[in-house]
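Dear colleague,

Please find the structure below, together with its sequence. My findings follow it.

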Amino acid sequence: MTTLYDAPRCPYCARVRIALGEKGVPVETVQVSLDERPDFIFELNPPHGSVPVLERSRLIVPESSVIMEYLEELHPEPALMPAGPDDRALVRLAVERFPERLGDPYYDLYLGRPAGSPERLAGALAALDERLAADSFVAGASYTLADIAYVPWVLRAEARLGIDLSPYGSLAAWLGRLLERPAVAAERDLVAALEP
Ligand SMILES: N[C@@H](CCC(=O)N[C@@H](CS)C(=O)NCC(=O)O)C(=O)O
C-alpha cells in the first residue's frame with residue numbers, strides 16, 4: 001500500500017496528488033496539520049518535518065520532485081516524462097528552477113516578506129507566459145512533470161491571491177488545457193474549498 005502524508009493547502013503536496021491522480025495509483029492519505037505538525041512527521045522526515053512524504057512498503061520518500069520521479073519510474077504509464085534524454089533534462093531543469101521562476105515570488109508575496117510584491121509576482125507570471133507562448137507546456141511540446149510542478153502555485157495565485165490571469169494569455173490558455181485533465185481539475189476544486 002502507498003501512503004501519502006498530505007496537507008490540502010500545501011502546493012508541494014498538490015504536485016504529488018496530481019501525479020498520483022494522473023497515474024491512477026490508489027493511495028491512503030494521512031492528513032498532517034501544518035499549524036501543529038505532529039511528532040511523527042518529524043520522525044518520518046527529519047529534520048524538516050515537511051510534507052509531502054510518501055511511504056511505500058518500508059521506503060519513506062520526502063521531497064515532491066523526488067516523489068514525482070519515483071512515481072514515474074514505478075508507474076511509467078501514462079508517461080509524464082518525455083522519451084529522450086534531452087527532453088527529460090529540460091523537464092528536470094524546469095523543476096529545479098521552479099523556486100526562482102515562480103516559488104519565491106509567490107511565497108515572498110503570500111507570506112508578506114520584504115522581498116515580496118505584486119509587481120515581482122507579475123514579472124514571474126509574465127516570464128512564464130512568455131515561455132508558454134513559445135511552447136505549449138512548461139518544458140516543451142508535451143504535458144510533463146514540469147507542468148505538474150508549476151500548476152499548484154498558478155491555481156493558488158488565482159484563487160488565494162486574487163491574481164487575474166487574463167493579461168497572461170498563453171498562461172491562461174495553458175491552465176485551461178491543464179484543467180481539462182481530471183487530476184488538475186480535482187486540485188482546482190480542492191483549492192476552491194480551502195479555508196481563506
Ligand atoms: N522541498 C519540499 C518543500 C515542502 C514544503 O515546504 N512543505 C511545506 C508545506 S507546503 C511544509 O511542510 N512546511 C513545513 C516546514 O518545512 O517547515 C518539497 O518539494 O516537498
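In this predicted model, the largest nonpolar core has 49 residues, of which Val-16, Ala-19, Leu-145, Ala-146, Ile-148, Ala-149 and Tyr-150 touch the most other members. A nonpolar core is a set of buried Ala, Val, Leu, Ile, Met, Phe, Trp, Tyr and Cys residues joined through C-beta atoms within 7 Å. Buried means that 20 or more other C-beta atoms lie within 10 Å of the residue's own, with C-beta atoms placed from the backbone. Helix α7 (residues 145–159) gives the largest share of this core, 10 residues; helices are DSSP runs (H or I) of at least four residues, numbered from the N terminus. Because domain 1 (2–74) and domain 2 (85–190) both contribute residues, the core lies between them. The domain bounds come from an automatic or database assignment.

Leu-145 is in contact (C-beta atoms, placed from the backbone, within 7 Å) with Met-68, Glu-72, Leu-80, Met-81, Val-91 and Val-95, leaving aside neighbours within four places in sequence.

The centres of the two domains, taken over C-alpha atoms, are 21 Å apart. Their contact takes 12 residues from domain 1 and 13 residues from domain 2. On the side of domain 1 that touches domain 2, α1 (11–23) and α3 (64–74) each supply at least two residues, and α1 supplies the largest share, eight residues.

Residues are numbered from 1 along each chain as its sequence is written. As the model is predicted, local features need pLDDT of at least 70 and side-chain atom pairs count only at pLDDT 80 or more, while totals for chains, interfaces and linings use all residues.

Yours sincerely

Conventions: Buried ≥ 20, exposed ≤ 12 C-beta atoms within 10 Å, placed from the backbone. Contact = placed C-beta atoms within 7 Å.
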